[in-house]
Amino acid sequence: MSHAVATEHAPVFKMGDASNFKPLKAREDQIKTLHSKVDLELSPNPLEHIEKRLREGAASNRNVKMVLEVCVHCSVSLDNCPTYVRIKDIYNSPVGRAELIIAVLKAESLSERIFGKAVGARALDEERL
C-alpha cells in the first residue's frame, strides 16, 4: 500500500527563505483586549507613541544610545545574528534595526529639514513600522 503525498500544489519551503513572510497586524479589538488585560490604555495615535518611545529610549537607555552612536556598520554583528543568518534581510539585523531607528530620529532634526532623505531621514509610517 503506497502512501504517496500530493506535493504539486504545496509551497516549497527553503531554509532561510522568508520571501513569503508577510507582516501580520492584529485587529484593533484584539489590541484593545490585550491592553485592557494589563491595564494599559491604547494610544490614539500608535505611530506617534512608538516614535516617542524610540526617542525616549535613544535618550535614556545607555545600550540603545551606544548602538546608535557607536555602530560603524562594519557588519561583524551579522554573522552572530540568528535572524539575519536565516533570512538574510538586512532590516532584521542589528545594523538594519539601528538604521531604521536612526532614520526616524533624524526625521525631526535640522539636517532632515535641510537635506531630507539625502541624510537618510525618514518619518515613521506603517511601512517602516
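Residues are classed here by relative accessible area: buried means under 20%, exposed over 50%, and partly exposed in between, with a 1.4 Å probe and protein chains only. By this scale Asp 39 is exposed, with a relative accessible area of 71%. The structure is a predicted model, in which local features need pLDDT of at least 70 and side-chain atom pairs count only at pLDDT 80 or more, while totals for chains, interfaces and linings use all residues. Residues are numbered from 1 along each chain as its sequence is written, and side-chain values use heavy atoms, with hydrogens and water left out.

The chain holds 6 helices and 0 strands. Its pattern along the sequence is α-α-α-α-α-α. Helices (H or I, at least four residues) and strands (E, at least two) are DSSP runs, numbered from the N terminus. Of the 129 residues in the chain, 16% are buried. Contact means heavy atoms within 4.5 Å. Among contacts between residues at least 6 apart in sequence, 42% join residues at least 24 apart.

The predictor's confidence in each residue is given as pLDDT, from 0 to 100. The chain averages 77, and 73% of the residues score at least 70. Helix H1 (residues 28-37) has the highest mean, at 89, and helix H6 (residues 110-115) the lowest, at 66. Where pLDDT is low, the predicted coordinates should not be read in detail.

Helix H2 (residues 46-60) packs against helix H5 (residues 94-106). Their axes come within 10 Å and cross at roughly 105°. H2 is therefore roughly perpendicular to H5. Axes are lines fitted to C-alpha atoms, for helices over the stretch in contact, and angles run from 0 to 180 degrees between N-to-C directions. Angles under 35 degrees count as roughly parallel, over 145 as roughly antiparallel, 65 to 115 as roughly perpendicular and the rest as oblique. From H2, Glu 51, Leu 54, Arg 55 and Ala 58 meet Ile 101, Val 104 and Leu 105 of H5. This contact has 5 nonpolar, no polar and 2 charged residues. Ala, Val, Leu, Ile, Met, Phe, Trp, Tyr, Cys and Pro count as nonpolar, Asp, Glu, Lys and Arg as charged, and the others, Gly among them, as polar.

Glu 51 lies in H2. This residue is buried, at a relative accessible area of 18%. Beyond its neighbours within four places in sequence, Glu 51 contacts Val 104, Glu 108 and Leu 124.

H2 also meets helix H3 (residues 62-70). The two axes come within 6 Å and cross at roughly 90°. H2 and H3 are therefore roughly perpendicular to each other. Gly 57, Ala 58, Ala 59 and Ser 60 of H2 meet Arg 62, Val 64, Lys 65 and Leu 68 of H3. By class, these residues are 4 nonpolar, 2 polar and 2 charged.

Two loops complete the account. Asp 39 lies in the loop between H1 and H2, and its phi is near 55°, a positive value in a residue other than glycine. Ser 43 is placed in the loop between H1 and H2 and is partly exposed, at 22%. Lys 88 sits in the loop between helix H4 (82-87) and H5. Its phi is also positive, near 55°. Lys 88 counts as exposed, at 54% relative accessibility.
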